[in-house]
Amino acid sequence: MNIRSKLFYTLCSLLLSATFNLSYAQDANPLEGRWNLTISQEGKELPSWLEIRHSGNHTLVGRFVYAMGSARPVAEVKLRDGKFYFAIPPQWEPGEGDMKFEGMMDGDGLKGTMVYTDGKSYDWTAKRAPKLPYSKNPVWGESIQLFNGKDLNGWHAEGENQWVVEEGILKSPKSGANLISDATFTDFKLHVEFRYPENSNSGLYLRGRYEVQIADNKGLEPSSVYFGGVYGFLTPNEMVAKSAGEWQSYDITMVGRRVTIVANGVTVISEQNIPGMTGGALDNDEAAPGPLFIQGDHGPVEFRSIVMTPVAR
């Protein structure tokens, strides 16, 4: 074999090897993707969320959202004997144990068990998260005054109600129940005007599933868990929170999974996909319409305008 033939043979071998390795690296494990979990815990069906994806050729990693708290990284999803395993470190109290998960494929879904931080074991099932349709040019319907400035008509409290209306302002003067709209929505434009006292914390759950954070964070670096962020997922490109006690505004557009947030007149998140439910969601049935719900179980907050413009049906 002459030198030219050897070079040609070597080049072909390298190309075949590269093609094989690229194909191998891109082969998807059936576990990969986003999953909406339901955990049967203490007589309740708790919504949660899991994402599994490749890191390199052989390692699976991910993110997890429990029924409460923010999205947390999964350092490694381990595979053994037809099952998968991962653990989540404690998020709240020091001294808590890890949350440990064991699961397996179950038809088109997943099923398994979770060992909670207290050592108790609970069953869970999961469905693959749906793709939500996106329209570039939605046709908007008539605007709706969700808050009428007079009373709580059109709303209901999740628990013992502390919400009141005084002088045209909707108030939660202390930590208590969340407030949920009776009406449900798919795609929409939302305008809200709100204020809060020093160090307070609240949030708006879009379709009851995705929290946009309201909090006293003026002067801090932007974060997904601070003012203007989609809790645990999307970070604003700048911090535009005003001082506590001042009236502020959000203009939020949501189409499919894409969200745009204009905070105090500044676009801080532009057409970004929300990957899944955030902690505290009412449910994770993402294909269904959902309400607007206002977090009332953290700190005091007030609203003077809540206007929803739904997509025309």
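A: With the pocket definition: on a 1 Å grid over the protein atoms alone, a pocket is an open set of points where a 1.4 Å probe fits, with protein on both sides within 12 Å along at least five of seven lines. Its volume is the space filled by probe spheres set on the points, joined across faces, edges and corners. Here the largest pocket holds about 520 Å³. This is a predicted model: local features need pLDDT of at least 70, side-chain atom pairs 80 or more, while totals for chains, interfaces and linings use all residues. Numbering runs from 1 along each chain, and side-chain values use heavy atoms, without hydrogens or water.

Q: Which residues lie nearest the centre of the largest pocket?

A: Lining residues have an atom within 4 Å of a point. There are 23, with Ala 67, Met 68, Gly 279, Gly 280 and Asp 297 nearest the centre.

Q: Is Asn 178 buried or exposed?

A: Buried means under 20% relative accessible area, exposed over 50%, partly exposed in between (1.4 Å probe, protein chains only). Asn 178 has 8%, so it counts as buried. Its side chain places a polar atom 2.8 Å from the backbone nitrogen of Gly 296.

Q: How many salt bridges does the whole structure have?

A: A salt bridge puts a side-chain nitrogen of Lys or Arg within 4 Å of a carboxyl oxygen of Asp or Glu. The search finds 12. One of them joins Lys 83 and Glu 102 at 3.1 Å. That pair links strands S5 and S6, 19 residues apart.

Methods. A polar contact is a pair of N or O atoms within 3.5 Å; within protein, one must be able to donate a hydrogen and the other to accept it, and residues adjacent in sequence count only if both atoms are side-chain atoms. Helices (H or I, at least four residues) and strands (E, at least two) are DSSP runs, numbered from the N terminus.
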